[in-house]
There are 2 protein chains.
Amino acid sequence: MFDVCLLGTGGMVPLPYRYLTSLILRYNGTTILVDCGEGTQIPLQELRWGFKSINAVLFTHYHGDHITGLPGILYQMLNAERTEKLILMGPKGISILENMINVLFKNISFDIEFKELAEGEVLNIGDIVVKNTPVWHTVTCYGYSFEVKRLPEFDVEKAKKLNIPVKLWNALQHGQVVQYEGRIYTPDMVWGKERKGLKVSYSTDTRPTKSLIDLIKESDLFIGEGMYGDDKDLEKAIEKCHSTFSETAHIAKEANVTELWLTHYSPSLVNPVKFIKNATSIFPNTVIGKDLMIKSLKFSP
Amino acid sequence: MFDVCLLGTGGMVPLPYRYLTSLILRYNGTTILVDCGEGTQIPLQELRWGFKSINAVLFTHYHGDHITGLPGILYQMLNAERTEKLILMGPKGISILENMINVLFKNISFDIEFKELAEGEVLNIGDIVVKNTPVWHTVTCYGYSFEVKRLPEFDVEKAKKLNIPVKLWNALQHGQVVQYEGRIYTPDMVWGKERKGLKVSYSTDTRPTKSLIDLIKESDLFIGEGMYGDDKDLEKAIEKCHSTFSETAHIAKEANVTELWLTHYSPSLVNPVKFIKNATSIFPNTVIGKDLMIKSLKFSP
């Protein structure tokens with residue numbers, strides 16, 4: 001199961017009824033947090049996935065509403081007596097996080113790695129493949145995709161034909177190379193048809209861009225910028241480098257994603273549901289993101 | 001009216017149902033915020049006293065749960081197009097705030113003054129007299145008192161006896177010196193009996209100390225440390241330099257304050273009301289502080 005939770009849905013400032021936008025993803029023992037503005041530790045406590053289990057925090061960019069919750073999260077990790085290394089990653093400019101930590105903490109009992117991601121760099125965090133693309137904001141800002149691969153089908157006929165001992169089937173199917181009675185067996189000897197994995201993508205603080213469509217292509221779930229619901233706010237969206245519901249719905253449609261969640265609402269957007277038709281008329285499978293909305297994605301049968 | 005609002009009641013970390021401890025006071029056009037941990041901007045929004053109106057932020061000390069909400073509050077002030085100078089004050093070590101601001105902000109369009117308060121320094125912020133005393137924590141930490149003075153009674157007999165023209169009475173009573181028809185009139189010519197002003201005091205993160213009793217003496221309202229409700233946690237309180245309900249109730253009693261509000265609860269103290277008797281058995285007029293609890297203090301008739 002590939003679990004995702006949208007921790008908050010606000011942009012710019014946390015509101016009494018809306019945490020700042022942040023995403024957490026969990027797959028096969030690996031947990032990644034994306035952005036942490038002021039207060040993100042609160043929904044993280046509610047979620048109860050734990051602070052120690054977070055392997056990496058990714059940042060889309062370094063505006064205050066995406067980073068100022070980091071000290072509180074580090075404090076929670078210290079409280080939980082974390083010893084494992086934490087990786088902080090994002091576009092160029094990550095020294096702002098290092099500087100903030102140096103100002104606020106005398107010493108931290110676990111290692112922190114600061115990693116600037118090159119544009120388009122692909123990396124594996126546990127079994128999650130993370131890709132990025134620059135999007136279009138007032139500062140350098142990345143959109144991210146998160147993919148988990150699925151093993152090919154087990155081809156029982158092929159295994160039988162090649163006289164693979166049954167006791168080796170499971171290890172081979174799970175990608176291990178096995179030496180047995182003087183012979184070497186490789187996974188391709190039992191693998192059949194390729195199978196589609198799962199893909200979640202995430203982008204806030206951007207105007208619509210071609211690069212984003214390319215990144216999020218065929219996602220099972222795309223979580224995207226919903227700063228303005230009303231099409232009348234298009235001018236404001238252009239001026240401030242954000243997007244409207246309908247613009248993001250167009251992106252989702254172009255990229256042929258399965259489902260779209262909107263998030264990162266302007267504080268002025270008190271009731272996003274009011275404008276849902278501006279998105280669903282373009283991309284029907286749009287959901288108005290809500291704080292602590294969870295989805296567990298499964299491989300199709 | 002001297003208005004005070006306890007914005008939050010948590011210690012260490014903000015909880016889903018409890019903001020971090022912070023106090024705001026307002027009198028005669030002057031507003032002072034005391035401490036701002038992660039998320040304090042949220043109850044401040046709920047309160048609707050405005051971000052621009054805050055003249056000064058006082059800090060008891062510089063632990064994360066008392067300072068990391070400052071960037072969010074500065075951001076709100078920028079958003080509100082503040083131009084007035086903001087004063088940040090606290091014990092020695094205030095450079096941590098300056099450094100944090102320098103890391104997170106490129107430029108701020110209003111002036112910020114950083115002022116380290118000497119132990120026992122008395123200062124006037126508007127019509128509020130602020131006093132401090134060092135308390136007993138793991139780092140330098142101040143308790144504060146906030147006093148508003150009341151003018152003496154108007155002594156009509158005295159004014160008549162001295163032949164003060166009636167048209168000057170109001171100005172003189174309000175403390176002005178008036179020159180009229182070649183004669184100088186001073187307020188003492190109309191002032192009668194002294195009258196008690198109002199006093200609010202505030203202290204968290206401390207063991208009980210004599211200096212605190214002296215500072216808060218005769219307060220109309222004392223807002224004090226309630227980290228642990230159960231007397232069984234005394235050892236923990238001693239170890240971590242905090243106080244129990246009963247210890248703070250003793251302080252309130254010794255200082256002969258009128259009313260005590262407890263705050264700064266440990267995250268482990270889920271239901272502080274459960275332990276109220278540990279305080280009321282010592283100091284009956286104890287109130288279990290709650291987020292956004294407001295009191296408007298008036299001069300006695």
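**Figure 1. Separation of the two domains of chain A.** In this predicted model, the C-alpha centres of domain 1 and domain 2 of chain A are 41 Å apart. Domain 1 of chain A is built from two stretches, 2–147 and 197–297, and domain 2 of chain A covers 156–189.

**Figure 2. Contact between chain A and chain B.** On the side of chain B, 22 residues are in contact with 22 residues of chain A. Three elements of chain B each give two or more residues to this side, namely α1 (41–47), α3 (70–79) and α4 (95–104). Helix α4(B) supplies the largest share, with five residues. By residue class, the side of chain B that touches chain A comprises 11 nonpolar, nine polar and two charged residues.

**Figure 3. Strand β4 of chain A and its surroundings.** Strand β4(A) spans residues 54–58, and four of its five residues are buried, so the strand is largely enclosed by the rest of the structure. Strand β3(A), residues 30–34, runs parallel to β4(A) and is joined to it by four bridges. Within this pairing, Thr31(A) has Ile54(A) as its bridge partner. Strand β5(A), residues 86–90, also pairs with β4(A) in the parallel sense, over three bridges. Here Ala56(A) of the pairing has Ile87(A) in β5(A) as its bridge partner. Strands of a sheet pair through backbone hydrogen bonds, either parallel or antiparallel.

**Figure 4. The β-α-β unit of chain A.** Strand β3(A), helix α1(A) and strand β4(A) together make a β-α-β unit, which is right-handed. The helix of this unit consists of residues 41–47 of chain A. The two strands of the unit are parallel to each other.

**Figure 5. The seven-stranded sheet of chain B.** Seven strands of chain B form an open sheet with mixed pairing, in the order β7-β8-β9-β12-β13-β14-β15. Strands β7 (122–125) and β15 (286–288) of chain B stand at the edges; each has a single partner strand, so one side of each is left without a neighbour in the sheet. On average, neighbouring strands of the sheet are turned by 20 degrees against each other, direction ignored.

**Figure 6. The β7–β8 pairing in chain B.** Edge strand β7(B) pairs with strand β8(B), residues 128–134, in the antiparallel sense over four bridges. In this pairing, Asn124(B) has Val129(B) in β8(B) as its bridge partner.

Conventions:
Residues numbered from 1 in each chain as written. Chains lettered and ligands numbered in written order. Predicted model: local features only at pLDDT ≥ 70, side-chain atom pairs only at ≥ 80, totals over all residues. Domains from an automatic or database assignment. Contact = placed C-beta atoms within 7 Å. Nonpolar A, V, L, I, M, F, W, Y, C, P; charged D, E, K, R; others polar. Buried ≥ 20, exposed ≤ 12 C-beta atoms within 10 Å, placed from the backbone. Pairing = 2+ DSSP bridges. Right-handed = clockwise from strand over helix to strand, strands pointing away. Axes fitted to C-alpha atoms, helices over the stretch in contact; angles between N-to-C directions.
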